[in-house]
Amino acid sequence: MGTKILIFGDSHTKSLKLALEDDNYCDESPIEIRWIKVEKKGKTTGNLSLEDFQKKASQLNSNDMVVISILGTGHNILGLVRHSMPYTLFSRQSQILPDNEALVLPYAAMKQIFKEQMKKNKTISSIRKAVKCRLYHLATPPPKECNGFIADQTSKYRNNIVTEQTLNAPLTRLNIWRAEMEALEELCEEWGVTFVNPPTETITDKGFLRQEFYNKDATHANHLYGHRVISKIRGLR
Amino acid sequence: MSHPYKKLPPKAFWRKSISSLQTEQVDPVGCFGLQIEKETKVATAGSCFAQHIARHLQSSGFNYYVAEEAHPLLPAAVQKEFNYGTFSARYGNLYTSRQLLQLFKRAFSMFKPCEQVWLHSDGSFRDPFRPNIQPGGFISEEELYFEQQQHLRFVKEMFMNLDVFVFTLGLTECWKDKRDGAVFPLCPGVEGGEFDEAKFEFYNQTVTDVIDDLNEFNILLLDVNPNAKIILTVSPVPLMATAEQETHVLCATTYSKSVLRVAADTVSKKNSNIHYFPSYEIITGNYNRGSYYADDLRNVVEEGVSHVMRLFLKHATTLDLNHHEICSKGEVEIDIEDGAIKAARELVEVECDEELLDR
C-alpha cells in the first residue's frame, strides 16, 4: 500500500483539486482533498469539519502524509488595497523605490503582525496533536504582479473600490506576502510542521506568481499551479 | 537674635521637610517655574527612567507628543515591542547629553557620523545609534538607511513643533568614535558591529562637557523653536556597569550622577527656558530608606515612580489632582480596520466563496 496523502484546507486547495480531476494519477499514491467546513450567514461552505478531519487524519499510518493549507492569506487582507496611510516595506530579496508618500514599515514589524495573528489560531497545533504522520503546511501562492489584471478581475463586484489606482504597488504586496510566509514558516517550525514553499518554477525572477499560473481572480492560483504543487507534494514522500 | 535661617521656609530644614514627615509626604520640589497645560505638546527623551515619565504623561491625559507614530496596522503589542511611542520618536534610550546633541545635529543635517551600520552576528543590520530599537534588527542596509532617514525626519519635526521637552540625563560614560566624536548608546560589538580599539574609545564626560552639550543643544533648539522649554531630570537608576578602569560601580555611579546633577543645575540657572525637576532626589533620598528601589537596588518600583509623577503633575502641570487618578497602564488597543482593509477583506471573502461554489 502506497503513501496516503490527505490534503485539507481553504480555497487555495481548489487549484490542487482541479489538477487532480484534470490528470490521471491512478498509478500514484492516493490523494484526497477536503475543504474546511464553515457556517457563515446561514450558508455552509466546505465539506469536512475540523473535528471530522482530525478523526480521519488520526487514522493514517506513520508513513502517510497530511498536507494543510489553512494560514497564510493575511497578506491579501492587509496588503492588497492601498491603506489610507500608505506604507511600503523592504524585504531581503527586493528593495523598494523611495516613495515620499509612503511610510517605511520595518519588515520585522510586518512579520510580527502576522505572527501575533497566527499565534492566536490554535487549529494547527490541535491538528499536530491529532496527527501521528508527517504534517505539512503549504505556502499560499505569491501575489500577481499585474495590477491591471487584478483590477479587471475585481471590477465585477458591486461597490468595487479595487481599482488599479487603489491597489498597493506590486512590490509592496510581494514583500507583505514574504513577511507572512516567513512568519508562517517560523511558526510551523515551532509547531513541528514542515512548511512547503511554492514550487520555484511557478515564480518569476522578481518573486511574483508567473502569469500562466494566474486564476481569474485577484488572489488565487489556477489548476496548473495545482499540478506543480501536487508534484512537489509527491516529491516529499 | 536674627540670622538668615530664621526667614527660611520649612522646606529649607531637614527636620521639618524630611525627618518629621511620612515618606509619601516628602516634596522636594521648590518653586517650579513651568506649567504644562492639557494642550501643551510634551516630548520626552533620555534614559530608561524617562520612559516612566512618558508613560504617565500619556495616561494622565496630557498632550504627549509622539512625532514618530506607529502605522495603524501595528497592534499595541507590536508597537511596544518595536518602540513606537516609548519616546516621542523612535530613538531609543539617549543616555548622555552628547547623544542628544548629536541626534539633533543629525536630524538637521549638521552632522553625518562615519559609522553608519553595524552587522550583527545573527545576520541582521543594526543602527549604531539605536541598536536595540527593534527585535531582530533590520533585514538589509537599505532598509536601515531608509528607515533611519525617515526617523530623523520625525525627530526634526518633533524638535520644531514641541512645546516642552523633558530630557532625563542618565550617564556620563559613553563609547566614542575617534574619527568624528560620534557617541553610541552601547559599546560597539555588544549588539552588532565590532569593537576596534583603533576606531573606538571609552569616554567619561566631565561636568564641563555636559554643561557645554546642554547649552549648545538649547541654543540649537531655540533657533528652530524659539518658544521651546526644557525640563531636565536626572535618572536615579545606577550604572549597570562601569568601564572606568579600577573603579567600583558604586563610585562610578556617584561620579556620573553628581556630574549630571551639577550640570542640570548649572544650565537651568543660566537659561530661563530650562527647568530642573528633582525626580532623582525623590527616588534616591534616604528618607524613603531605599524602598523605591526593587530587589536589585537598581530598578525603580512603581511606588517610587508614582511619587515622582504625583509631584510632577502637582508642580509642573495645571492638572487638578483631586479629580484625577494616575493610571500606570495607558495602553489602548487601536482599531486597525482601515477602509482599505475592509475592502480587501470583503473581496477575499467573496473570492474564496466563489471558489467554493464552483467546486
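Tutor: Two strands are said to pair if DSSP finds at least two bridges between them. Please keep in mind that this is a predicted model.

Student: In which order do the three strands of the open sheet in chain B lie?

Tutor: Strands of a sheet pair through backbone hydrogen bonds, either parallel or antiparallel. In chain B, the open sheet has the order β6-β5-β7, with antiparallel pairing. Its edge strands are β6 (183–184) and β7 (200–204) of chain B, each of which pairs on one side only.

Student: How many bridges join β5 and β7 of chain B?

Tutor: Five bridges link β5 (residues 173–177) of chain B with β7(B) in the antiparallel sense. As an example, B:Lys176 has B:Glu201 of β7(B) as its bridge partner.

Student: Which elements of chain A supply at least two residues each to the side that touches chain B?

Tutor: In the model, 41 residues of chain A are in contact with 36 residues of chain B. The elements are α1 (14–22), α3 (74–79), β7 (103–104) and α4 (107–120) of chain A. The most comes from α4(A), with six residues. By class, this side of chain A comprises 21 nonpolar, 13 polar and seven charged residues.

Student: What confidence does the predictor give the complex, and where in chain B is the pLDDT below 50?

Tutor: Where pLDDT is low, the predicted coordinates should not be read in detail. The complex receives an ipTM of 0.87 and a pTM of 0.90. Chain B has an average pLDDT of 91, and 92% of its residues score at least 70. Residues 325–336 of chain B, however, fall below 50; this stretch has 21 contacts in the model beyond near neighbours in sequence.

Technical notes: Residues numbered from 1 in each chain as written. Chains lettered and ligands numbered in written order. Predicted model: local features only at pLDDT ≥ 70, side-chain atom pairs only at ≥ 80, totals over all residues. Contact = placed C-beta atoms within 7 Å. Helix = DSSP H or I, 4+ residues; strand = E, 2+ residues; numbered from the N terminus. Nonpolar A, V, L, I, M, F, W, Y, C, P; charged D, E, K, R; others polar. pLDDT = per-residue confidence, 0-100.
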